[in-house]
Amino acid sequence: MTNETLLAARGAVVAGGSRGIGRAVAEQLAVCGAGVVVNGRDPAAVDSAVQAITGSGGRAIGVAGAASDEATAAALMAVCREEYGSVDVLINCAGVAEPPGSSILSITSAEFGELLDAHLGTAFQTCRAAAPIMAEQRRGSIVNSGSVAFLGDYGGTGYPAGKGAVNALTLAVAAELAEYGVRANVICPGAKTRLSTGADYEQHIRDLHARGLLDEFTMQASLEPAPADYVASLYAYLASDLANSVTGSVFLASGGFVGRFDRPTPAVLGYRDHQRSAPWSIEDLHAMVAGA
């Protein structure tokens with residue numbers, strides 16, 4: 001099996017596929033033989049991405065609109081089935097940046113809602129639209145885009161909250177669809193895009209470093225990210241049958257680095273049988289937590 005046939009005869013939807021990482025992923029899927037439905041909010045950007053793919057001999061069709069909208073998400077799946085016969089792959093790369101200088105001290109309810117909608121809403125609506133199709137086919141791969149920002153180190157509130165929720169949603173989808181042969185994973189990508197360039201972005205990263213949120217290495221890596229092409233191949237791998245045993249994982253990828261988060265497991269601080277013991281006292285809890 002070569003790269004050119006890795007996804008042959010597969011239909012793929014790439015939400016947020018008109019720019020940045022999403023466009024690189026859409027182009028990579030097409031190189032691997034998939035027929036791609038390219039989605040984005042800007043019709044001109046969608047057309048540009050489609051033309052680039054078809055101009056290189058690939059198969060692509062565009063559907064403009066916000067994939068967080070239920071009707072748009074349904075249309076993406078319908079077009080993919082009509083054009084390519086099935087929906088085998090769903091990739092979510094849509095997203096918007098946190099407002100400059102935003103924090104819990106300044107973000108508005110409307111801004112927070114927009115960020116959740118762009119990230120979690122898009123993943124939910126597209127997964128919900130794709131899941132019944134993939135379950136009926138008894139095959140399919142979903143790859144959602146998270147971010148290491150969910151750890152809180154990059155500041156903001158709506159962006160990390162949305163990305164953290166995407167992680168949780170994906171793990172739930174992976175568990176629910178496993179019996180149908182459908183896989184779901186997350187990639188937390190780092191790449192040079194319009195969201196990670198410019199004076200405002202660079203100042204934001206330096207401010208985070210000055211506040212002690214980012215170490216020197218992470219600051220430099222954030223200021224000089226590799227092109228999106230470097231992460232696109234991981235999306236294609238997870239979309240393919242080569243990864244047919246991989247599901248419910250959260251990966252990191254940036255430049256030449258690839259990693260995977262361990263699944264969170266609780267560390268036991270204390271235990272007593274509640275049927276035989278009184279509740280923990282505040283003093284007991286303080287001793288356990290502070291001692292740990």
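Reader: Is F261 buried, partly exposed or exposed?
Author: The model is a predicted one. Buried means under 20% relative accessible area and exposed means over 50%. F261 has a relative accessibility of 27%, so F261 counts as partly exposed.

Reader: Which residue forms an aromatic pair with F261, and in which geometry?
Author: The count comes to 1 aromatic pair. The ring centres of F261 and its partner are 5.5 Å apart, with 75° between the planes. Planes over 60 degrees apart count as edge-to-face. The partner is F150, and the pair is edge-to-face.

Reader: How many residues apart are F150 and F261?
Author: F150 is in the loop between β5 (140-145) and α5 (158-177). F261 is in the loop between β8 (257-260) and α9 (282-291). The pair thus links distant parts of the chain, 111 residues apart.

Reader: Which ring does R272 lie over?
Author: A charge sits over a ring if CZ of Arg is within 6 Å of the ring centre and within 35 degrees of the ring normal. R272 is at 3.7 Å from the ring centre, over the face of W280.

Reader: Which element supplies the largest share of the largest nonpolar core?
Author: This core has 37 residues, and L29, V38, I91 and Y235 have the most contacts inside it. Elements that each supply at least two of its residues include β1 (11-15), α1 (20-31), β4 (89-92) and α8 (229-239). The largest share, 7 residues, comes from α8.

Reader: How many residues are in the second, separate core?
Author: Among its members are C80, A123, L169 and L177. The second core has 26 residues.

Reader: Which element gives the largest share of the lining of the second largest pocket?
Author: This pocket has a volume of about 220 Å³. Its lining has 13 residues, and those closest to its centre are L171, V250, F261, D262 and P264. The largest share of the lining, 4 residues, comes from α5.

Reader: Which element gives the most to the lining of the largest cavity?
Author: A search of the whole structure finds 1 cavity of 30 Å³ or more, and the largest cavity holds about 50 Å³ of space. Its lining includes N92, H119, A123, N144 and K163. Two or more lining residues come from each of α4 (109-137), β5 and α5. The most, 4 residues, come from α4.

Note on methods:
Residues numbered from 1 in each chain as written. Predicted model: local features only at pLDDT ≥ 70, side-chain atom pairs only at ≥ 80, totals over all residues. Heavy atoms only, no water. Phe/Tyr/Trp six-rings, centres within 6.5 Å; stacked < 30°, edge-to-face > 60°. Buried < 20%, exposed > 50% of the residue type's maximum accessible area, 1.4 Å probe, protein only. Core = buried A, V, L, I, M, F, W, Y, C linked by side-chain atoms within 4.5 Å. 1 Å grid on protein atoms, 1.4 Å probe; cavity = no way out; pocket = protein on both sides within 12 Å on 5 of 7 lines; lining within 4 Å. Points joined across faces, edges and corners; volume = space filled by probe spheres on them.
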